[in-house]
Amino acid sequence: MSHRLSRSLALSTVGALALTGCMGGGSIPSASSPITQSEAQQGAQFHPQLVAEFGGAMTGPQAQYVEQIGKNVAVHSGLGNARQSFTVTLLNSSVNNAFAVPGGYVYSTRQLVSLMNNEAELAAVLGHEVGHVAARHSQRRQAAAQRNQIGGVLGAVLSGVLLGNSQLGNTLSRGFLQGSQMLTLRFSRSQELEADELGVQYLTRAGYDPRAMSTVLASLAAQNSLDAQLQGRGNARVPEWASTHPDPASRVRTAAGKAQGLGTGITNRDTFLSRIDGMVYGDDPAQGVIEGSTFIHPELRLAFTAPQGFYMVNGTRAVTINGQSGRAQMTLAPYNGDLNAYVSSVFAALGSEQQQIRPQNIQRTQVNGLSAAYGTARVNTGQSQVDVVVFAYEFANNRAYHFQVITPAGGAEAFNGMFQSMRRITQGEAAGVVPRVVDVVTVGRGDTVSSLSRRMAYSTGQEARFRVLNGLNSSDQLRAGQKVKLVVRGR
C-alpha cells in the first residue's frame, strides 16, 4: 500500500467508469489498422490513472530497457509508425501483471519482468499485449459487455465472492477489489489465444525465438501454482497476469504449437539477466511489505497480522486479506478527527442509492494505544446474509486507517485477532525493513540447485521458488558457467 495512497483513493473507480463511458461507442477499427487519434486520446487519459494504481512508473536503465524491447516488438505489429505510437511503461508493482489499453499504451510490472529468463520472453509478453491493442480487444470486450447489459468494465471485472451476482455484490465489490483489477478487462479465451498468436508472429518478425511465448506462459503457470501452494489458498484467485489471462497451462501447449516450424531466433538470455540484476523483487518498502502473515509499512509506521489461514495481497490502494471464510481490506479514507464519523462514512461509501449500509451502532475502544472505533452491519444479499465490519484507528488528528471486512453472517470473529494486532512500529523496526532484490550469479563448480536455493531470502519454499524463478522443472540441473537468478536482501 503506497504512502501516496491518499492522493489516488478514487482513481480506480473513476477510471473504470470513464472507460465505460467512452470505449463502447462508434465503430471499432479492424486489426492492424493504425492507432486512431481517438484511441490515442483515450490511452493518454487513462495512463496517469493506471500508473498510479500500480505504484508508479519506474525510471532508469531497467525501465528504458523494457521500453526499448516493447517498442521493437510494436514496430512489427502493422499498426504503422508504431515506435512513436506506443508508450511502454515498467510499473513498480509486486503483482505479476501485464496489460494494455487502447491507444498503444502497454504496461508490465517489474515483478513479471523478474520472472522472465531472457529477452525473447520479455518481447513475448509485450508482444502479447501489443496484440490486444492491434486486435482492439478492449473495445470489443467493452462493446459486448454493453450489449449484454453487464455494466461495462465494472460488470466485466467485479467479483461475486460471498455475494453472488446481487446488486449488493456489485456495490460491495467496488470497495473490496484490488484497484489493479478495476482498470484491466478480463478477455475471452479466444481473444487471449489471438493475442498469443499475434505475439508469436511479432516475435518471429523481430528475430526472437518464437518458443519464448510458451516458455514464459509456463513460468507464469508455475508461479501461479506455487503461490497457491505457499499461501494454502487452494483455488482462490489473486490479481495477477496468470489469472486475469485465463488458463495459462493449456495456453502453453497452444503457443508451443504455433511456434513450430518458425525457426529458433535469438533469446539474448545473458543480456537480459544483466539488465535486470538488482531489480526490486516483491514488495517495495515504500509501499509496505508482507513478511509471512504480517504486513509492515516503514513509512506509515504501522503493522498488523492476518488471521491464520488467510493470505495477503499488497496493492497500491489497499492491502487485501483473503480466506475461505471472508475477505478484508486495510486502507484509508479522508479523516477530520472524528472516528465515529469516519466509520459512518466508510459504510456509506460501501453502500449505494439502492441499498444503504449502516452499522447497528459504533463502539469506541483502544488497540495497542491507538484510539479505535468499529461497527457491524448485517446485510441481506438476496441469497444469504453477510456481516460487513469497519474497524478504524486514529494515527494522527488528520490520519486514520481502517479494515473493511465481509464475512458470512456471524463469521466476523475470525478477524478479531487481526483487529487487535494493529500497532505503531518503532523507528528501529522501520529501519529494519529491507527490500528483496534480484541477484544474478554465475554457477560455479560444485554449485547445485539445492546449495544455491539456500541463499534465497525466504524461510519457506526456497528450492521451489528458485526453480520457478529460473524456469527449471523438478529434474533440471545446473551447469558451471550458467547464469541464474537469486532473490536476496538488498543492501
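The structure is a predicted model, in which local features need pLDDT of at least 70 and side-chain atom pairs count only at pLDDT 80 or more, whereas totals for chains, interfaces and linings use all residues. Residues are numbered from 1 along each chain as its sequence is written, and side-chain values use heavy atoms, with hydrogens and water left out.

The chain has 491 residues, of which 56% are buried; buried means under 20% relative accessible area, exposed over 50%, and partly exposed in between, with a 1.4 Å probe and protein chains only. Its secondary structure comes to 20 helices and 17 strands, where helices (H or I, at least four residues) and strands (E, at least two) are DSSP runs numbered from the N terminus. The accessible surface of the chain is about 19600 Å², and carbon and sulfur atoms hold 46% of that surface; these areas come from the Shrake-Rupley method with a 1.4 Å probe, and for residues only the protein chains shown count as cover. Among the contacts (heavy atoms within 4.5 Å) with a separation of 6 or more, 69% are between residues 24 or more positions apart.

The opening pair belongs to a group of paired strands. Strands of a sheet pair through backbone hydrogen bonds, either parallel or antiparallel. Here two strands pair if DSSP finds at least two bridges between them. Strand S1 (residues 87-91) runs parallel to strand S3 (residues 105-109), and five bridges join them. Four of the five residues of S1 are buried, so S1 is largely enclosed by the rest of the structure. S3 also pairs with S2, in the antiparallel sense and over four bridges, with Val101 opposite Tyr105 in S3. In strand S2 (residues 98-101), Ala98 and Ala100 point one way while Phe99 and Val101 point the other way, and all are buried. The hairpin of S2 and S3 has three residues between the strands, and Gly103 in this hairpin takes a positive phi near 100°.

In soluble globular proteins, nonpolar side chains tend to be buried together. A nonpolar core is defined as a set of buried Ala, Val, Leu, Ile, Met, Phe, Trp, Tyr and Cys residues joined through side-chain atoms within 4.5 Å. The largest such core has 62 residues, and Phe86, Val113, Met116, Leu122, Phe272, Phe466 and Leu478 touch the most other members. Helix H6 (residues 119-134) gives the most to this core, with nine residues. Leaving aside neighbours within four places in sequence, Phe86 is in contact with residues including Ile35, Leu79, Val106, Val130 and Val133. A second, separate core of 47 residues includes Leu300, Ala306, Leu339 and Val405.

Just after H15, Gly278 takes a positive phi of about 90°.

Strands S16 and S17 belong to an open sheet of three strands in the order S4-S16-S17, with antiparallel pairing. Strand S4 (280-281) and S17 stand at the edges, each with a single partner strand, so one side of each is left without a neighbour in the sheet. Seven bridges connect S16 and S17, and Thr442 has Lys483 in S17 as its bridge partner.

Another open sheet has four strands in the order S5-S6-S7-S15, also with antiparallel pairing. Its edges are strand S5 (289-291) and strand S15 (423-424), each with a single partner strand, so one side of each is left without a neighbour in the sheet. Strand S7 (residues 302-305) is joined to S15 by two bridges, and the partner of Leu302 in S15 is Arg424.

Ser421 lies in helix H17 (residues 416-421). At 16% relative accessibility, Ser421 counts as buried. Leaving aside neighbours within four places in sequence, Ser421 is in contact with Ala303, Phe304, Thr305 and Asn368.
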